[in-house]
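I opened the model to look up its strands, its chain contact and its core. My entries follow in the order in which I made them.

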Amino acid sequence: MIVLPSYERPVGVHPPLDSPGYGSTALRHPKRDLVLLPQNLTEVTGPMLGADRIRPGDDDLTHALGGEAQGQRIRVFGRVLDSDGRPVRDSLVEVWQANAAGRYRHAADNWDAPLDPHFTGVGRVLTDADGRYGFTTVKPGAYPWRNHHNAWRPAHIHFSLFGRAFTQRLVTQMYFPDDPLIPYDPVLGAIPDPAARERLVSRFSLAGTTPMYQLAFEFDIVLRGPAATPMEAPHDD
Amino acid sequence: MTDLAPTPSQTAGPYLHLGLLWDDGPDVVAEGTPGAIVISGRVHDGSGAPVTDALVETWQADPDGRFAHPDDPRGPSACPGFRGWGRCATTADGGYAIRTLKPGALPTPEGATEAPHVNVSVFARGLLDRVVTRIYFADEDNAADPVLATVDADRRDTLIARPVDGGYRFDVCLQGAGETVFFDV
C-alpha cells in the first residue's frame with residue numbers, strides 16, 4: 001500500500017475562469033464543470049527544477065545587454081511558504097515584467113513607449129532553505145491595453161512557482177502598494193475576495209532597502225499546503 | 001491545521017514567453033533518446049480559432065511508472081535523462097509539441113491502477129488560472145482507469161491521444177463543442 005501526501009483545495013481564492021470584466025476570458029474559459037481529480041502519484045509529485053536552471057546574474061534585472069537599466073531600482077523579496085507555514089525550499093521562481101516605461105521586450109507589445117536597451121525584464125531565482133527569494137529590478141511602469149476604453153494595467157511583476165507538487169503550480173502577479181490603478185483593474189478585480197486581492201499587493205519595506213542604492217518591496221507567496229487530516233473526536237474524560 | 005491563506009492565481013498574460021520559455025522546454029528527454037515519442041496538437045478557443053499565445057506544460061511518470069521525486073514512496077526513478085516535465089508555447093497555428101517517453105501505469109493508494117497518462121496545464125492570456133487536463137493513449141487499455149471512470153462516457157474521447165507518425169496527437173479545446181475535459185486538481 002502506498003501513502004501519499006494530500007493538498008488542500010482552496011475555495012474562493014482564485015479568480016473564476018469566466019470573468020466577463022476581463023474580455024479575453026470570453027472565448028477561453030471552459031463552460032463545462034471541472035471534474036474532480038484525485039490526488040494520486042502524478043498530482044503529488046512535480047518537477048524539482050533547481051540550481052541548474054539559474055545563471056549568474058539572473059537575480060539582477062538591472063544589468064543586461066552590457067549596461068544598466070533605466071528606472072527606479074528596487075529589491076523584491078519575500079518567502080515562499082505552504083499554507084501550513086512551512087518554507088518551500090530550493091524551488092524555482094521565474095519572473096518577468098515590463099520596463100520602467102511600461103513596455104515589454106516582446107514582439108507582440110507594440111505600445112509606443114520606449115524600449116530600454118539594457119532591460120530584458122526576465123529573472124530566475126531559487127528559494128533558499130527558509131523559502132526566501134529576492135531579486136533586484138526596476139519598478140515596472142503601468143501600460144494601456146485594449147480590454148475596455150482607457151484601460152490601464154497597474155504596475156505588476158509576473159511570478160511563476162512550482163512548489164514540490166503538480167498541485168502546487170502557481171502563476172500569478174505581484175502589485176505595488178498605493179497604485180491608483182488597482183481599483184480599476186479587471187484582472188486583479190476578478191478575484192472575488194478583497195482579502196485575497198490584497199495578498200497580491202506587495203508591502204514597502206524600509207528594512208529591506210539598501211541605503212543609497214535601492215528601495216524594497218516584500219511579497220510573500222503561499223502555495224497550497226497539506227490538507228487537514230481528519231481529527232479524532234475529542235474525548236470527554 | 002492550515003492557517004496561511006493561499007496566494008491567488010493571475011493570468012500569465014500575452015507576454016509569458018519572456019519569462020517561461022526555455023530552449024530545452026519541450027524536451028522531456030533529449031533528441032535521439034531511444035523510444036522517444038512526440039506528443040503534439042493544437043489549442044483552440046470557443047470560436048475554433050487557434051490559441052496562439054498559450055503555454056502547454058506536461059508532467060508524467062517514466063516508462064516504468066516512476067517519478068524522480070521524494071514523495072514517490074516507491075523510491076527513486078531509474079531513468080537517466082528523463083525530466084518528466086516539459087513546456088512548449090503554442091505557435092501561430094495554435095500548435096505545440098513535446099518530446100518525451102510514454103509513461104507507465106501507476107498504482108493508486110486505493111489499490112487501483114491508473115492507465116498511462118500525462119498531466120497537462122495550459123496557461124494563457126484570458127486564463128485567470130491554469131486549466132488542467134490529462135492525456136491518455138488510444139493504444140493502451142484505459143478501461144479500468146479510475147479517473148476516466150469519473151468522466152462522462154461521451155466526453156472521455158477528449159482525453160485520448162491518437163497515434164500518429166512519430167507519436168501522438170492531442171488537441172485542447174478550451175470551450176464549446178468538443179470542449180476538453182478539465183480537472184479540479
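**Sheet in chain A.** I looked up an open sheet of four strands in chain A, with the order β6-β5-β10-β11 and antiparallel pairing. Its edge strands are β6 (122–126) and β11 (170–175) of chain A, each pairing on one side only. From one strand to the next, the twist averages 25°. For the record, strands (E, at least two residues) and helices (H or I, at least four) are DSSP runs numbered from the N terminus, and two strands pair if DSSP finds at least two bridges between them.

I then checked one pair: β5 (residues 92–97) of chain A joins β6(A) in the antiparallel sense over five bridges. Leu92(A) has Leu126(A) as its bridge partner there.

**Conventions.** This is a predicted model, in which local features need pLDDT of at least 70 and side-chain atom pairs count only at pLDDT 80 or more, while totals for chains, interfaces and linings use all residues. Residues are numbered from 1 along each chain as its sequence is written, and chains are lettered from A and ligands numbered from 1 in the order in which they are written.

**Contact between the chains.** I found 71 residues of chain A and 63 residues of chain B in the contact, where contact requires C-beta atoms, placed from the backbone, within 7 Å. On the side of chain B that touches chain A, β7(B) gives the most, with five residues. By class, that side has 31 nonpolar, 20 polar and 12 charged residues. Nonpolar here covers Ala, Val, Leu, Ile, Met, Phe, Trp, Tyr, Cys and Pro, charged covers Asp, Glu, Lys and Arg, and the others, Gly among them, are polar.

Strands also cross the boundary: β1 (residues 35–36) of chain A and β12(B) run parallel, joined by two bridges. Val35(A) stands opposite Phe183(B).

The largest nonpolar core has 98 residues, and Val122(B) and Phe123(B) have the most contacts inside it. Such a core is a set of buried Ala, Val, Leu, Ile, Met, Phe, Trp, Tyr and Cys residues joined through C-beta atoms within 7 Å. Leaving out residues up to four places away in sequence, Val122(B) touches Val43(B), Leu127(B) and Val172(B), among others.

Is Cys88(B) buried or exposed? Cys88(B) is buried, because 22 other C-beta atoms lie within 10 Å; the cut-offs are 20 or more for buried, 12 or fewer for exposed, and partly exposed in between. I placed Cys88(B) in strand β3 (residues 85–89) of chain B.

Terms used
Contact = placed C-beta atoms within 7 Å. Axes fitted to C-alpha atoms, helices over the stretch in contact; angles between N-to-C directions.
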